[in-house]
Amino acid sequence: NFISVVCATPAHFFADRSGGDAPVSAIYDLVQDGETVWAAGNGLYRRDGDKWTVVRPDGRFTAMAIEPTGAVWVAGAGEVLKLDAGGSVLETIESGTGFIWSLSLHDGKLWYFTSEDFGWIDIERAVIGRTWEEGFSPRPVILGVSGYLHVSSVEGIWRITPEGRQRSEEH
């Protein structure tokens, strides 16, 4: 069957929210670890099985990344939090930036991308490693491909290394 999205208003006629207790605020990022789903937005939420719980009701959270241990890195305004699998705060790192729009764990570093800059966090020492005052807009999509970190932007695809960024086609 063909459904014209242009004529289908509102969209919720065709899709149900994820369970009756799903977050109703804006959601900026979702990550999954096994059966657990985390949602970052106006608040931080976790779904185990069929039940959503509020982990942090206050604050705006914009990006997340999960370590193989199950720890979750969550970006908020001016800080990055490391939470255990249950949602308790293990680390807080002041980022000194505005909102972080994307996070990615790659080669032992937690890479972050904002509209104004990008850089990485040394997750072993829980400190900012290096920052470049060069932003990505709109919100970048990050992929680890062939051993490298790649980021999309309005200028194309970039390969990110600890030395900075290079156009992906240069390789």
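Trainee: How many residues sit between S13 and S14 in their hairpin?
Mentor: Before we count, note that this is a predicted model, where local features need pLDDT of at least 70, side-chain atom pairs count only at pLDDT 80 or more, and totals for chains, interfaces and linings use all residues. Residues are numbered from 1 along each chain as its sequence is written, and side-chain values use heavy atoms, with hydrogens and water left out. Strands here are DSSP runs of E with at least two residues, numbered from the N terminus, while helices are runs of H or I with at least four residues. In the hairpin of S13 and S14, the number of residues between the strands is two.

Trainee: Which residue of S14 is the bridge partner of Trp158?
Mentor: Two strands count as paired if DSSP finds at least two bridges between them. S13 and S14 (residues 164-167) have four, in the antiparallel sense. The S14 partner of Trp158 is Arg167.

Trainee: And which residue stands opposite Trp158 on the S12 side?
Mentor: Strand S12 (residues 148-153) runs antiparallel to S13 (residues 156-161), with five bridges joining them. A hairpin links S12 to S13 through two residues. Opposite Trp158 you'll find Val151.

Trainee: What percentage of the residues in the chain is buried?
Mentor: Buried means under 20% relative accessible area, exposed means over 50%, and partly exposed is in between, using a 1.4 Å probe and protein chains only. The chain has 171 residues, and the buried share is 43%.

Trainee: In the six-strand sheet, which strands are at the edges?
Mentor: That sheet is open, its pairing is antiparallel, and its order is S1-S2-S3-S4-S5-S6. An edge strand pairs on one side only, and here that applies to S1 (27-33) and S6 (89-94).

Trainee: By how many degrees are neighbouring strands of this sheet turned against each other on average?
Mentor: For this, axes are lines fitted to C-alpha atoms (for helices, over the stretch in contact), and angles run from 0 to 180 degrees between N-to-C directions. For the sheet's neighbouring strands, direction is ignored, and the average is 45 degrees.

Trainee: Which residue in S2 is the bridge partner of Ile27?
Mentor: S1 and S2 (residues 36-48) pair in the antiparallel sense over six bridges. In S2, the partner of Ile27 is Gly41.

Trainee: What about the four-strand sheet: by how many degrees are its neighbouring strands turned on average?
Mentor: This open sheet has the order S7-S8-S9-S10 with antiparallel pairing. Its edge strands are S7 (102-106) and S10 (127-132), each pairing on one side only. With direction ignored, its neighbouring strands are turned against each other by an average of 20 degrees.

Trainee: Which residue of S9 is the bridge partner of Leu110?
Mentor: S8 (residues 109-113) pairs with S9 in the antiparallel sense over five bridges. A hairpin of four residues joins S8 to S9. On S9, the partner of Leu110 is Ile121.

Trainee: And which residue in S10 does Ile121 stand opposite?
Mentor: S9 (residues 118-122) pairs with S10 over five bridges, again in the antiparallel sense. There, Ile121 faces Ile128.

Trainee: Why is S9 largely enclosed by the rest of the structure?
Mentor: In a regular strand, side chains alternate between the two faces of the sheet. In S9, Phe118, Trp120 and Asp122 point one way, Gly119 and Ile121 point the other way, and all are buried. So S9 is largely enclosed because its number of buried residues is five of the five.

Trainee: In the hairpin of S9 and S10, which residue takes a positive phi?
Mentor: Four residues lie between these two strands. The one with a phi near 55 degrees is Ala126.

Trainee: Last one: is Thr131 buried or partly exposed?
Mentor: Thr131 lies in S10. Contact means heavy atoms within 4.5 Å, and, leaving aside neighbours within four places in sequence, Thr131 is in contact with Tyr112, Asp117, Phe118 and Gly119. Its C-alpha atom is separated from that of Trp120, 11 residues apart along the chain, by 6.7 Å. With a relative accessibility of 38%, Thr131 counts as partly exposed.
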